[in-house]
Amino acid sequence: MAINVISPGLSTTVQDLGRPGYYHLGIPLSGGMDRFALRAANMLVGNDEGAAVLEAVFLGPELEFTAPATVAVTGGDLPPKLNGEERAGWEAFPVKAGDRLSFCFLKGGARAYIAVSGGIDVPVKLGSRSTYTLGALGGHEGRALKAGDSLAVGQGAGGKGSVPANLRRMPGNPAELRMLPGLYWHRITETAGKQFFADTWKVAPEADRIGYRFRGGTALNFVAREQPFGAGSNPSNIVDACYPYGSIQVPGGTEPIVLHRDAVSGGGYMMLGCVISADMDLIGQLQPHSPARFVQVSMDQALAARHDRQATLQRVRAHLDR
Amino acid sequence: MSIRFSFGGDEHIFAEVSEEMSLEAFFTSLSMTNAVKAAGIKGVTEICPANASFQIKFDPDAIKPGDLLKELQSMEGAASKSDASLKTRIMEIPVLYQDPWTHETLMRFRERHQNPKATDLEYAAEVNNLGSADDFIQAHSSQPWFVSMVGFVAGLPFLYQMVERKRQLQVPKYLRPRTDTPKLTIGHGGCFSCIYSVRGAGGYQMFGVTPMPIYDPAQKVSYLQDEMCLFRPGDIVKWKPVTRDEYDAAIEAVDANRYEPVIRPATFSLTEFNKDMAGTNAKLMEAIHGH
């Protein structure tokens, strides 16, 4: 069984749950930006939740199947079409040899997850099939798909069913991104901290798998200090340090950037804290220009949100008899 | 030196050993991360030493954030007392300074630079009160550098110059980062040099290129078949200025996969280094030539 890529979409990559364990070498986590949707797509087609799928952003690919399989598309509202006929998202459907899967224009969210029974069978690199394009590592030849590519698919039993709307997770409008202040939060003034949470930000065009930039809020005021040796002269500079996944850095104090799955692993900009693990999926579904707010939470609230997300996933499993 | 701990969301603990860079801070960070590794704490998924700080990623479903924090704090005393010495490697990295590729790139991004009329090397010479680019190259390449962090992108080493602080080269980063940097560029920002392992964005000043691959995701390069990233924290680097002809010959050897990097075992003791930097460096550089 194989998938032939007729047209690749804007940037379609092979992703699974990621490649932890190599951050100390500068190799990021990678994996799906919305791992909730990725897991659900795999459940629908009867795969392990961590099987490799295709992640399409903004514009879907056109794909041809060489053998029968089960397919499901989850995530943003990028309606699939089978041989030109629209199909529902978040629902398993069978395909035959020669069938073509294409997509309508994006109606909501940003990324769709295309799971095929058996999973995309690219070689495992450092424990994962995920694509890290900057490092040309993993996925299909370390890059986004191109027309003419052919992807091997594993053997799978297939699955059925759909995920009802109340069990899907999508960002609100404005998106509310819960954030635990910390790291170098003490570098900004109290007023600047309050304003950061009060402002409504907008996703900038520079929003990709490395990170999401936000603009439209107030520039930060820093607490005055003599810059430490080796940090650099700008008050937003620190001695180059690790950047946690989800950390919010603010180069020059102007536009916050939330690092995501293909994060640069370190650098010399101060960070205000991290978006909590439960809300990282939501960032993956934000389009440029969409409004977002950062909402301050405590560690206890972050852990409660993490458990809520897990409980929702558990309800999806129960709903699909898994 | 008291470590400042902070949670990075619900999955990370960030630990700042010192606000400013020093080899003492690096060694405390390294001994802390080694201690965490040795402790085999359940739920710890990533251990990342950095220049003067480190980061632990954990699974809060497996260990309570507060419990992990307490465990790390309990290790602090032992780490700060540990002997700051290493069995490590010294590597000679050939550099074609003032090469045509970084020159073409820096000319494209002149409007993002502090001094659009000078090259990055001329600017670096000027802000360090060195007479010319050649004087800067001499200052940059005459003494070894210490790999104090690996990261940013895959396999990129941050290098800290092994000289007295007043002699350390410091150059501001670009005013706004470039969107392009040639692969294997030798860069410098703040007090750190680096080697860009892949082509991409960057904000460090660009001085030259090395012909020697340092990251190979295909694991075909002879010396990168076991580990796709060459550098580890604690490695020591000596830049070797080369001519264009030597650079071209090295590229030919790399393409034929018969390039043999100069990598020798070395030992480093921070106490000895602080007592006699010139003597320690001289011994390290002798090790390159097998003495």
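How many residues of chain A are in contact with how many of chain B? I found 52 residues of chain A in contact with 55 of chain B, contact being heavy atoms within 4.5 Å.

I note that the model is predicted, with local features needing pLDDT of at least 70 and side-chain atom pairs counting only at pLDDT 80 or more, while totals for chains, interfaces and linings use all residues. Residues are numbered from 1 along each chain as its sequence is written, chains are lettered from A in the order in which they are written, and side-chain values use heavy atoms, without hydrogens and water.

**Interface**

I looked up the area buried between chain A and chain B: about 4,000 Å², 59% of it from carbon and sulfur atoms (accessible area, 1.4 Å probe, lost on putting the two parts together, summed over both). On the chain A side, A:Phe229, A:Asp240 and A:Cys242 lose the most area to chain B, together 18% of what that side buries.

I then looked up the salt bridges between the two chains and got six (side-chain nitrogen of Lys or Arg within 4 Å of a carboxyl oxygen of Asp or Glu). A:Arg306 and B:Asp61 meet in a salt bridge at 3.1 Å, N to O.

**B:Arg89**

I located B:Arg89 in strand β5, residues 85-97 of chain B (strands are DSSP E runs of at least two residues, numbered from the N terminus). B:Arg89 is buried, at 17% relative accessible area (buried means under 20%, 1.4 Å probe, protein chains only). A polar atom of the B:Arg89 side chain lies 2.9 Å from the backbone oxygen of B:Leu230. Not counting residues up to four places away in sequence, B:Arg89 touches several residues, among them B:Phe231, B:Asp235 and B:Pro265.

Notes: Helices (H or I, at least four residues) and strands (E, at least two) are DSSP runs, numbered from the N terminus. Buried means under 20% relative accessible area, exposed over 50%, partly exposed in between (1.4 Å probe, protein chains only). A polar contact is a pair of N or O atoms within 3.5 Å; within protein, one must be able to donate a hydrogen and the other to accept it, and residues adjacent in sequence count only if both atoms are side-chain atoms.
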